[in-house]
Amino acid sequence: MSVLITDTCINCDACIDECPATAIVNSNESPSLDGEYHYAYVKPEKCIECVDAAVPKCAEVCPTEGCIVWDMPYTETYNDHFVVSNSYVIRVHKKKGLLSPLVAPRPFREGIFIEDRSNRVSVGETLKLYN
Ligand code: SF4
Ligand code: SF4
């Protein structure tokens, strides 16, 4: 899957070096053109939701409460969600082609409700990172 960075991001870039999957790029490298304001972007084809850690590293260091939210699992079931959308620019591999969920599914946290993902609930709120 993936998590998603929203437009409350203040471009502090604190999350970028923390990501174990090098899935986050800064606003200048973001392929997603969301209106006038550009901010950090999570490549869903790389994000592994930090499944081996207690909490996602990006959300743990982000100073902006509620900025990072859940997105759908990067799996076959949600292929269209990622591929047929202007919100994502999925990488095209030289040999494998488009690294879609069909071609290259990613690990995801099974404990997160699909409804919360669909509603883009804050990662920090779900995992109680805030006081
Ligand atoms: S959840 Fe983990 S793998 Fe995904 S963008 Fe955040 S730090 Fe990277
Ligand atoms: S840590 Fe939060 S505010 Fe800073 S760049 Fe990442 S998502 Fe944006």
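How many helices and strands does the chain have? I found 4 helices and 6 strands, counting DSSP runs numbered from the N terminus, with helices as H or I of at least four residues and strands as E of at least two. Along the sequence they follow the pattern β-β-β-α-β-α-β-β-α-α. The radius of gyration, taken over C-alpha atoms, is 14 Å, close to the 14 Å from the globule rule for 131 residues, so the chain is as compact as a globular protein of that length. That rule is 2.2 Å times the number of residues to the power 0.38.

A note on ground rules: this is a predicted model, where local features need pLDDT of at least 70 and side-chain atom pairs count only at pLDDT 80 or more, while totals for chains, interfaces and linings use all residues. Residues are numbered from 1 along each chain as its sequence is written, and chains are lettered from A and ligands numbered from 1 in the order in which they are written.

**Ligands.** Which residues come nearest to ligand 1? They are Cys19, Cys47, Cys50, Pro56 and Cys58, out of 15 around it, where near means a C-beta atom, placed from the backbone, within 6 Å. By class, I noted 12 nonpolar, no polar and 3 charged residues; Ala, Val, Leu, Ile, Met, Phe, Trp, Tyr, Cys and Pro count as nonpolar, Asp, Glu, Lys and Arg as charged, and the others, Gly among them, as polar. Around ligand 2 there are also 15 residues, with Cys9, Cys12, Cys15, Ala40 and Cys62 nearest. That shell divides into 12 nonpolar, 2 polar and 1 charged.

**Positive phi.** Cys50 has a positive phi of about 50° although it is not a glycine, and its place is the loop between S3 and H1. Is Cys50 buried or exposed? Cys50 is buried, with 22 other C-beta atoms within 10 Å; 20 or more count as buried, 12 or fewer as exposed, and anything in between as partly exposed, with C-beta atoms placed from the backbone. Asn11 has phi near 60° and is partly exposed, with 15 such atoms within 10 Å.
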